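Subject: Structure handover

Hello,

Here is the structure I promised to pass on. My notes on what turned up follow below it.

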Amino acid sequence: MAAFTDAPAASSVPSRARLWWEIAIILALSLGRSAVYSVLSLIKALTRAPLGDQQTSLNPGAAPSAVWDVIDQFLAAIFAFAPVALAVYFLWEPARSGFSKIGLTFEKFGRNLGSGALLVLVIGVPGLALYAVGRELGITVQVDASPIDSSWWTVPLLLLAALRAGLLEEVIMVGYLFDRLRLLGWNTWTIILSTAVLRGSYHAYQGFGPLVGNMAMGVVFGWVYSRWGRVMPLVVAHVLIDIIAFVGYPLAAAWWPGVFGPPQ
């Protein structure tokens, strides 16, 4: 809790102009850019056909013979960690690392793992239900989460994608932005709600169900961070949710093709 509520020393506070430039750079390199393209994708989708008849993919697959495609995906995932490193760098202080400042450490990892698993139940199950309802109402596109095949690299690439998403979203959306917006004088609930809207916006390409669901996730995760002052449980929860979605989705598509299968 102290990590979020303690007031920083005046000498360590960047100017307001520098803070806004920092935020703009971080978001332009990562989730802000994704939000712009995602909203545009939703607008274009609304002009083409009913959302329920459309399809999108989270992790495009690679053909079993396309070794260079696999290498490209691996390198893209690795380079996607750069904005996370930049955000942690900006948070660094002379006497305190950026990792410890936002609670991205392996201290009490067992407790963090248990807390993350609990958040999966709180967020993951209702999110899946919201997606199913959105599909039934025709306001959510069919999301092809992961093309599972027999290639040995498929699951490792999906696990790397889950880790990338968990770190990218929770470190930047929660750890970094909460710290920077607090320095700008924003109160806790203004930060929680504004970052939740941004979180929902870069999922807009999936339709209105995931947009609302991810906004709710942002509210819950933001509130939890404001109470615990540690981002690690959020990263654990996010990674677990994505692993379940990426690897478990083909099973759901096989069991409930009318909801999770491709449009007919």
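Helices (H or I, at least four residues) and strands (E, at least two) are taken as DSSP runs and numbered from the N terminus. Read along the sequence, they give the pattern α-α-α-β-α-α-α-α-β-α-α-α-α-α, that is, twelve helices and two strands.

Two points on conventions before the details. This is a predicted model, in which local features need pLDDT of at least 70 and side-chain atom pairs count only at pLDDT 80 or more, while totals for chains, interfaces and linings use all residues. Residues are numbered from 1 along each chain as its sequence is written, and side-chain values use heavy atoms, with hydrogens and water left out.

**The chain as a whole**

Of the 264 residues, 47% count as buried; buried means under 20% relative accessible area, exposed over 50%, and partly exposed in between (1.4 Å probe, protein chains only). The accessible surface comes to about 13,300 Å², and 70% of it belongs to carbon and sulfur atoms (Shrake-Rupley method, 1.4 Å probe; for residues, only the protein chains shown count as cover). With contact meaning heavy atoms within 4.5 Å, 81% of the contacts between residues at least 6 apart in sequence join residues at least 24 apart.

**Helix α5 and the cores**

In α5 (residues 82–91), the buried residues are Pro83, Val84, Ala87, Val88, Phe90 and Leu91. They cover an arc of only 160° around the axis, which puts them on the same side of α5; the arc is that of the directions from the helix axis to the C-beta atoms. These residues pack against α2 (16–29), α4 (67–79), α6 (98–102) and α8 (154–183).

A nonpolar core here is a set of buried Ala, Val, Leu, Ile, Met, Phe, Trp, Tyr and Cys residues joined through side-chain atoms within 4.5 Å. The largest has 51 residues, and those touching the most other members are Leu104, Val171, Ile172, Met173, Tyr176, Leu177 and Leu234. Helix α8 gives the most to this core, with 15 residues. Apart from it lies another core, of five residues, including Leu42, Ala45, Ala204 and Leu211.

Returning to valine 171, its contacts are Val84, Ala87, Val88, Ile102, Leu104, Gly166, Tyr176 and Val231, leaving aside residues up to four places away in sequence.

**Salt bridges**

Side chains of opposite charge can pair when their charged atoms come close. The rule used is a side-chain nitrogen of Lys or Arg within 4 Å of a carboxyl oxygen of Asp or Glu, and the structure holds eight such bridges.

With arginine 18, the closest N and O atoms are 3.5 Å apart; the two residues are four apart in helix α2, about one helical turn. With arginine 180, the closest N and O atoms are 3.0 Å apart. That pair links α2 to α8, so it ties together parts that are 158 residues apart in sequence. Arginine 180 is buried at 3% relative accessibility, whereas arginine 18 is partly exposed at 48%.

Glutamate 93 bridges to lysine 101, the closest N and O atoms being 2.7 Å apart. Glutamate 93 is partly exposed at 22%, and lysine 101 is buried at 7%. Through shared partners, salt bridges join Arg18, Glu22, Glu93, Lys101, Asp179, Arg180 and Arg182 into one network.

Best wishes
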